[in-house]
Amino acid sequence: DWYSEDGSTKLNGAPTIVGNYTIKLNSTGIANIKAHNGNSNNVNWTDDAITGSANYEITKAAATISLTEEKKQTSTWTGDVIPVNPADFVQTIITDNGQTLNVPVGTLVVGDYKVTRSPVVQVTYKVSLTHTGIEKMKRALQA
């Protein structure tokens, strides 16, 4: 069974949030040990003699955030500044264990993106996330 770090509070299942936990051997585990090791004349099983617990730590996964090339913003050049349209950029987040995370739609707004140079000349521009945009993504994923 899973418990809080100090072992005092039983959890309703395996933990999934970053932190430290304790796992303790329960009656099912004890029965499995007995079944696996058998009851022979050489072993005298008593339930109170079978104990065990271990500490378990869930650490934060490292993640890479990128704006995919699947969807791009294209605009007709007018000579004026072209605003970023957040709907045209898909955020991809991949953790170091290969898990892909999804940022809820509407998390980022125009001000969360920055464009390299002011987009007023007819060329291709690089769009990236601002520090605020990255922090919004982190908060959205922790919710």
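A: A salt bridge is counted here when a side-chain nitrogen of Lys or Arg lies within 4 Å of a carboxyl oxygen of Asp or Glu. Side chains of opposite charge can pair when their charged atoms come close. In this predicted model, there are 3 salt bridges.

One of them joins Lys138 to Glu135, with 3.3 Å between the closest N and O atoms. Both of these residues belong to helix H2, where they are 3 residues apart, about one turn of the helix. Lys138 is partly exposed, at 44% relative accessibility, and Glu135 is also partly exposed, with a relative accessible area of 25%.

Lys136 lies in helix H2, which covers residues 131–142, whereas Asp112 lies in the loop between strand S6 (100–101) and strand S7 (113–115), so the pair ties together parts that are 24 residues apart in sequence. Lys136 counts as partly exposed, with a relative accessibility of 23%. Asp112, by contrast, has a relative accessible area of 2% and is buried, because buried means under 20%.

There is also a salt bridge between Lys10 and Asp1, in which the closest N and O atoms are 3.5 Å apart. Asp1 is partly exposed, and its relative accessible area is 27%.

Notes:
Residues numbered from 1 in each chain as written. Predicted model: local features only at pLDDT ≥ 70, side-chain atom pairs only at ≥ 80, totals over all residues. Heavy atoms only, no water. Buried < 20%, exposed > 50% of the residue type's maximum accessible area, 1.4 Å probe, protein only. Helix = DSSP H or I, 4+ residues; strand = E, 2+ residues; numbered from the N terminus.
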